[in-house]
Amino acid sequence: TAPPSSVSSANLLNVHSIPVSRSFIKTLKSTAPKTQSWRTPLVTGLKDRMFSHLPSLQLLLLNSNSFTVIRDDAFAGLFHLEYLFIEGNKIETISRNAFRGLRDLTHLDLRGNKFECDCKAKWLFLWLKMTNSTVSDVLCIGPAEYQDKKLNDVTSFDYECTTTARMYPNCCKCMFLDFVVHQILPYQSVSVDTFNSKNDVFVAIAQPSMENCMVLEWDHIEMNFRSYDNITGQSIVGCKAILVGDQVFVVVAQLFGGSHIYKYDESWTKFVKFQDIEVSRISKPNDIELFEIDSEMFFVIADSSKAGLSTVYKWNNKGFYSYQSLHEWFRDTDAEFLDIDGKSHLILSSRSQVPIILQWNKVSKKFVPHSEIPNMEDVLAVKSFRMQDNLYITLTRFIGDSRVMKWNSKQFVEIQALPSRGAMTLQPFSFKNNYYLALGSDYTFSQIFQWDGEKKIFRLFKEIYVQAPRSFTAVSTDRRDFFFASSFKGNTQIFEHIVIDLSL
């Protein structure tokens, strides 16, 4: 097939206007100036630098072909191109850098092409807002709500714009999410708690082998967590911060020597012992849960010893005193405070019975037995979270299936089972409307699951290696999101949740 009569082989490199037919585009790239005929198969895409050997082009006609894709830098080298006509094709995808380098472009015609106006078109939407070139209307073929509307009229690109490190095949692939190691703390730990004080972010880390409760502070300059204070003790298994007005307390739970409460002393700029917790009531603390009812501050310690007595403590403006003993002989492993239908409840998990639900009685101002969660023996931990106004809990089993359950206005019903291999925690957390579960494992990789809003389940997002993980704790500061992974046998790791907008 001969080229259009307006273009001769003798002056190809000096041409200023080139109409391109279906059989002509590849010829432009491969033909020497003296070539007199061109034959090439049907072209469906424009690759990078296809016209770079024609630097003097001022007008380029690519209309009425069958292009479906225009790649990055497809027009690189056309520094003097002013008019670009791509109308009447079947373009499905234009890479975000397709028009890079067209510094003299004044007119772009995209008529006759209809685009999916999802998040893959977000970059084009923004480019149309910023370019000085005159651009024809870009029409949408989908999603259904935008069909036959102009791209400029799209009001949101939020739907299906999230992908992950695993790149799910049906995802729109505009937002890339991942968890990457930000900092490694060279010590073992079993629990991490976070609190804010005077616009600073702190974490308290229980280190039983080092007999410390290490308090770290976020360094706004170095962008790392640094040592702030150190509370020493014996076999510390939990450090829980309590803020009462402008006072900061830390409950330090110990396996030996009793448990204590420390208070931050401004004059000493450190935590000093404030109060002892009776040894007779707490023998083997396993969890500390803080909560508030009717503006009054409480915390409960779950006791896992055979003669354990899980106990609620209350603040009385001078200190914390034992307020209610919950029950004996049940080897409680965890306590979780939650609001169910506007009423305060505690869920206690146990090694010797199914989890029980206690309800706050407004008359007696005590917790009373309410119900239980059947067929869930030997639960190590229970955590609650809310998602889209629905209440959920996670129940952790060391071996077997850990469970995700949803409140249905009458009881908790199972929505998903997650196989557990040496799991001590199944921790829910969320960042920027992304909901996750972290399932620890003593025998294999720990797993992070992400909520799939379409299928209404948590699907595997990423696997991470943490030796004997005991807790996962979310911490946010300086518009950055982290989670701490405590390890009973290795280093404590801090992962950062990263979000990259691929459409910009």
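In what sense do strand β4 and β6 pair, and over how many bridges? In this predicted model, strand β4, which spans residues 69-70, pairs with β6 in the parallel sense, and the pairing runs over two bridges. Within this pairing, Val69 is placed opposite Thr93 of β6. The two strands belong to an open sheet of three strands, arranged in the order β2-β4-β6 with parallel pairing. Because β2 (45-46) and β6 (93-94) each have a single partner strand, they stand at the edges of the sheet, and one side of each is left without a neighbour there. In general, the strands of a sheet pair through backbone hydrogen bonds, in either a parallel or an antiparallel manner.

Covalent cross-links were examined next. Two disulfides are present in the structure. One of them is formed by Cys117 and Cys140, with the sulfur atoms 1.9 Å apart. The link of Cys117 and Cys140 is left-handed, with -90 degrees about the S-S bond. Cys117 is located in the loop between β8 (114-116) and α2 (122-130), whereas Cys140 belongs to strand β10 (residues 139-142); the pair therefore ties together parts that are 23 residues apart in sequence. Cys117 counts as buried, at 0% relative accessibility, and Cys140 is likewise buried, its relative accessible area being 0%.

A disulfide also joins Cys213 to Cys239, with an S to S distance of 2.3 Å. Since Cys213 lies in strand β15 (residues 212-219) and Cys239 in strand β17 (residues 236-244), this pair ties together parts that are 26 residues apart in sequence. Cys213 and Cys239 are both buried.

Key
Residues numbered from 1 in each chain as written. Predicted model: local features only at pLDDT ≥ 70, side-chain atom pairs only at ≥ 80, totals over all residues. Heavy atoms only, no water. Pairing = 2+ DSSP bridges. Helix = DSSP H or I, 4+ residues; strand = E, 2+ residues; numbered from the N terminus. Disulfide = S-S within 2.5 Å. Buried < 20%, exposed > 50% of the residue type's maximum accessible area, 1.4 Å probe, protein only.
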